[in-house]
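This report goes through a few residues and helix contacts of the structure shown below, one topic at a time.

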Amino acid sequence: MSSVRVRIAPSPTGPTHVGTAYQALFDRLFADKFGGRFILRIEDTDQDRSRREYETQLMDSLKWIGIDWDEGPDVGGDYGPYRQSERLEIYREHAKILVDSGHAYYCFCSSDRLAEMRADQERNKKPLGYDRRCRNLSPSEVDQRLQQGEDYVIRLKMPKEGVCEIEDKLRGKIEFDYAQSDDQVILKSDGFPTYHLAVVVDDFHMKISHVIRGEEWITSTPKHLVLYDSFGWEPPEFIHLPLLLNRDGTKMSKRRNPTSIEYYRRAGYSADALLNYLALMAYPPLNDEEKVSLAELVQDFDIRKINLGGSIFDMDKLTWLNGRYLREDRTPQQILGEMKEWLVNDEQFLGIVSLLHERMETLGDFMPKAAFFFAREVNPSEQDLLPKNRETGEVSQMLQTAIWALDSTANWDAQGIESKVRFVADFWDWPVREVTVPLTVALTGSKVGPPLFETIILLGIDIVRMRLINGIEALGGLSKKKAKKLEKEWKKV
């Protein structure tokens, strides 16, 4: 096999998803199996959501789980910069090349005009997509509108007919009808590229030989192949991995499962067990043994063994596997060392003592009162979760809005969290106490606990989100229909 170069290109817009580590694992396995290079590239062109602290957390999370890279923003390499925000001129130059060669065009349609077009398509049950109004503007009209300073985007000219054939190393030939494709925006009005242009330009210039990514990107591949063809470039080979799934068969999401690497780290899982379990999501056990090291996976690795069915992320099985690692691979001294690195350390204890010391009469009171900070789950009771005169359905919905509110908290401090909790109370027109009591019970397992907002800070958003989800489940859950309706109302405020 010729020189292997694979990459992972996550967006630093939130906590690191286990799906990112799952893809990175198979990139690392593939690179190591064939003596290749694994590249970390940061796709940070979403100006509103990308944050440098998420980038730092991303790299820290991948390193914690046991995955490193050969080239990237922190270690350098021959094909940098490795942050898209530092490559903007490259994308603009390539967008201009496509326009000049007739493979892309300026589109001057306003957002209002596009909204009216979409509403008309929905009303008349027509296929959704851009109607290509600007595709055939004359050069003189384009020049005139550019000189007048009109806002524009650049769109890729997709073929109007014919079939796109994708060769996938796992799935064989996949066909898409071009008639179903839209003229994709490749450069936005702010001069930033969309994903489709940036990923193709970067993959080519970084000499990526194999693109390993989730199967949700299969439908985007025709656009990418058209871009490669428009530039006259040879495309890489494509390998689309099966999805990680919730128990109901839907794509794994934080609404149903804890999805961030930081959750598993904070909940006390071991990195090697989690990495092992992610491998089992798509790769069979070795000689019927499910407990396997990264080195053993590299030695055995064969892309053809990957299971395409998609795998249910089973927390119970992960916990069982984690238990094997603790019992079989650790001495008591090693476990103690890991616990100190985890939460059993002066910094963490000082924060908890600061919240509990007013509630302590003896030192022996500390551990029972502090136990919920270290527990993976707290199992709140339905009765305790219900304020007086409130029903399960409305409290479930309130807890869901609390998740959304806390997820959007920019300032993770007592003042920022308090403002979000009060916002939830205002949304429901409830007394604040009728919000704080269920929150306290869901987070601590008890009606009485240390100061709520400071407790939320110490627990962290990943543990908080999962405990609130468990609180909703303890109340009987929230149906998809109700959740969708509630979210629609929530987004109005």
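## Thr-436 in helix H18

In this predicted model, the side chain of Thr-436 comes to 3.3 Å from the backbone oxygen of Arg-433. Thr-436 itself sits in helix H18, which covers residues 432-444.

Is Thr-436 buried or exposed? With a relative accessible area of 18%, Thr-436 is classed as buried, because the cut-off for that class is under 20%. Once residues up to four places away in sequence are set aside, Thr-436 touches Val-421 and Leu-452. Val-421 is also one of the residues through which helix H17 meets helix H19, and that pair of helices is taken up next.

## Helices H17 and H19

Helix H17, made of residues 414-428, packs against helix H19, made of residues 452-459, at an angle of about 115°, and their axes are 9 Å apart. That angle makes H17 roughly perpendicular to H19, and the crossing of the two helices is right-handed.

On the H17 side the contact is formed by Ala-414, Ile-417, Glu-418 and Val-421, while H19 contributes Phe-453, Glu-454, Ile-456 and Ile-457. Sorted by class, the residues of this contact comprise 6 nonpolar and 2 charged residues, with no polar ones.

## Ile-417 within H17

Ile-417, which belongs to helix H17, has a relative accessible area of 0% and is therefore buried. Leaving out neighbours within four places in sequence, Ile-417 is in contact with Phe-453, Ile-456 and Ile-457, and also with Leu-406, Thr-409, Asn-411 and Trp-412.

Ile-417 can also be placed relative to a residue elsewhere in the chain, namely Gln-57: the two are 360 residues apart along the chain, and their C-alpha atoms are separated by 21 Å.

## Helices H13 and H14

A further helix pair is formed by H13 (residues 346-356) and H14 (residues 366-374), whose axes come within 11 Å and cross at roughly 125°. How does this angle classify the pair? It makes H13 oblique to H14, and H13 passes H14 in a right-handed crossing.

The residues that meet here are Phe-349, Ile-352, Val-353, Leu-355 and Leu-356 from H13, and Phe-366, Lys-369, Ala-370, Phe-373 and Phe-374 from H14. By class, the contact of H13 with H14 holds 9 nonpolar residues and 1 charged residue, and no polar ones.

## Asn-257 in a loop

Asn-257 is located in the loop that runs between strand S10 (244-245) and helix H8 (261-266). Its relative accessible area is 8%, so Asn-257 counts as buried.

The side chain of Asn-257 is joined to that of Asn-246 by a polar contact of 3.2 Å. Apart from neighbours within four places in sequence, the residues in contact with Asn-257 are Asn-246 and Phe-313, together with the methionines Met-252, Met-315 and Met-466.

## Tyr-22 in helix H1

Tyr-22 lies in helix H1, residues 18-33, and its relative accessibility of 5% means that Tyr-22 counts as buried. Beyond its neighbours within four places in sequence, Tyr-22 is in contact with Leu-241, Pro-242 and Leu-244, as well as with Leu-278, Met-281 and Ala-282.

How many residues separate Tyr-22 and Gly-214 in sequence, and what is their C-alpha to C-alpha distance in space? Tyr-22 and Gly-214 are 192 residues apart in sequence, whereas in space their C-alpha atoms are 9.5 Å apart.

Technical notes. Residues are numbered from 1 along each chain as its sequence is written. This is a predicted model: local features need pLDDT of at least 70, side-chain atom pairs count only at pLDDT 80 or more; totals for chains, interfaces and linings use all residues. Side-chain values use heavy atoms; hydrogens and water are left out. Helices (H or I, at least four residues) and strands (E, at least two) are DSSP runs, numbered from the N terminus. Buried means under 20% relative accessible area, exposed over 50%, partly exposed in between (1.4 Å probe, protein chains only). A polar contact is a pair of N or O atoms within 3.5 Å; within protein, one must be able to donate a hydrogen and the other to accept it, and residues adjacent in sequence count only if both atoms are side-chain atoms. Contact means heavy atoms within 4.5 Å. Axes are lines fitted to C-alpha atoms, for helices over the stretch in contact, and angles run from 0 to 180 degrees between N-to-C directions. Angles under 35 degrees count as roughly parallel, over 145 as roughly antiparallel, 65 to 115 as roughly perpendicular and the rest as oblique. A crossing is left-handed if the near helix is turned anticlockwise from the far one by less than a right angle, and right-handed if clockwise. Ala, Val, Leu, Ile, Met, Phe, Trp, Tyr, Cys and Pro count as nonpolar, Asp, Glu, Lys and Arg as charged, and the others, Gly among them, as polar.
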